[in-house]
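Dear colleague,

Please find below the structure that I am handing over to you. My notes on what was found in it follow directly after.

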Amino acid sequence: MAKKIGILGGTFDPVHIGHLRSAIEVLESCELDEVRLIPGAVPPHRATPQVGAQQRLDMVRLAVEDVPRLSVDDRELRRQGPSWTIDTLLSLRAELAADDRLYFILGEDAFAGLNRWHRWQEILQHCHLLVLQRPQMPVELPDAVQALLAECGVADVTAMQQSAGQIALIRQTPLAVSATAIRSLRADNRSIRFLVADPVADYIQQHGLYAVAAEH
Ligand code: ATP
């Protein structure tokens with residue numbers, strides 16, 4: 001029986017309820033078998049994370065440890081160099097059966113930058129894309145991404161009958177939460193409780209993460 005595996009890549013600096021609720025809602029609405037959260041090492045398209053790889057991984061582990069069918073996959077942190085998504089897809093594909101389906105889950109802000117990804121034109125050969133709405137973050141798709149959506153977009157996930165190569169826009173419950181906002185709350189010594197899973201909030205507190213001024 002072919003498996004349906006969702007993957008959610010990110011910096012997770014830190015992992016928050018926007019990631020976790022999206023993962024669960026996509027898992028349920030798209031009838032996936034599992035969703036793997038894959039923290040990236042050296043993000044090729046953005047600023048260096050504030051917190052090191054091991055602690056970001058620890059936080060994702062804590063966030064998913066009691067959640068059925070969510071897991072963490074540390075392959076990008078075990079690799080040297082930049083975390084190119086194409087390499088991650090190829091390494092996952094090498095472990096799966098040919099008819100297993102991979103669904104790469106990403107927010108529309110990340111989708112808008114797709115044409116700057118390494119070997120971006122090959123991504124859809126290995127997976128489908130599930131694009132999450134990102135509230136309070138208006139995005140304009142560049143022409144190349146717009147053209148890809150016009151060519152490969154389907155009305156909804158049930159129309160994804162091929163093993164890869166299609167794009168669906170997902171209307172999950174919008175949560176206007178970002179890691180940037182969480183870091184900034186911490187920097188202002190304000191609470192982040194309920195924006196992240198409780199064990200993650202405890203970990204951030206215990207290790208004094210993101211709160212430069214408050215810890216001295
Ligand atoms: P930052 O604020 O540091 O840029 P972030 O909150 O966007 O971080 P990432 O780890 O960069 O978190 O996100 C990983 C993936 O999850 C990206 O594809 C991003 O678009 C998506 N994502 C993050 N937060 C949300 C959210 N609240 N709703 C939907 N998708 C989200």
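Which of the 24 residues around the ligand come nearest? They are His-16, Asp-109, Leu-175, Ala-179 and Thr-180, where a residue is near a molecule if one of its heavy atoms lies within 4 Å of it.

Two points on the basis of these notes come before the rest. This is a predicted model, in which local features need pLDDT of at least 70 and side-chain atom pairs count only at pLDDT 80 or more, while totals for chains, interfaces and linings use all residues. Residues are numbered from 1 along each chain as its sequence is written, and side-chain values use heavy atoms, with hydrogens and water left out.

The ligand

A polar side-chain atom of Thr-180 lies 2.4 Å from an oxygen atom of the ligand. For His-16, a polar side-chain atom is 2.8 Å from a ligand oxygen, and for Thr-11 a backbone N or O atom is 3.0 Å from an oxygen atom of the ligand. Taken alone, the ligand exposes 600 Å², and the protein buries 92% of that (accessible areas by the Shrake-Rupley method with a 1.4 Å probe).

Strand E1 (4–10), helix H1 (17–29), E4, H5 and helix H7 (179–187) each give two or more residues to the shell around the ligand. Helices (H or I, at least four residues) and strands (E, at least two) are DSSP runs, numbered from the N terminus. The shell residues divide into eight nonpolar, twelve polar and four charged; Ala, Val, Leu, Ile, Met, Phe, Trp, Tyr, Cys and Pro count as nonpolar, Asp, Glu, Lys and Arg as charged, and the others, Gly among them, as polar.

The loop between E1 and H1

Phe-12 lies in this loop and has a positive phi of about 50° although it is not a glycine. Its relative accessible area is 2%, so Phe-12 is buried (buried is under 20% relative accessible area, exposed over 50%, partly exposed in between; 1.4 Å probe, protein chains only). Pro-14 is found in the loop as well, and a cis peptide bond with omega of about 5° joins Asp-13 to Pro-14.

Salt bridges

Twelve salt bridges are found in the whole structure (a side-chain nitrogen of Lys or Arg within 4 Å of a carboxyl oxygen of Asp or Glu). One of them joins Arg-75 and Asp-73, at 3.0 Å from N to O. Arg-75 counts as buried because its relative accessibility is 9%, and Asp-73 is buried at 7%. Both residues belong to a network of salt bridges that links Glu-34, Arg-36, Asp-73, Arg-75 and Glu-95.

Asp-74 and Arg-78 also meet in a salt bridge, at 2.7 Å from N to O. Here Asp-74 counts as buried at 19% relative accessibility, whereas Arg-78 counts as exposed at 58%.

The aromatic pair

The structure holds one aromatic pair. Phe-104 and Trp-117 form it, edge-to-face, with 5.9 Å centre to centre and 80° between the planes (ring centres within 6.5 Å, using the six-membered ring of Trp; planes under 30 degrees apart are stacked, over 60 edge-to-face, the rest tilted). The pair links distant parts of the chain, 13 residues apart: Phe-104 is in strand E4 (residues 101–107), and Trp-117 is in the loop between helix H5 (108–111) and strand E5 (128–132). Phe-104 and Trp-117 are both buried.

With kind regards

Key. Polar contact = N/O pair within 3.5 Å; in protein donor to acceptor, adjacent residues only side chain to side chain.
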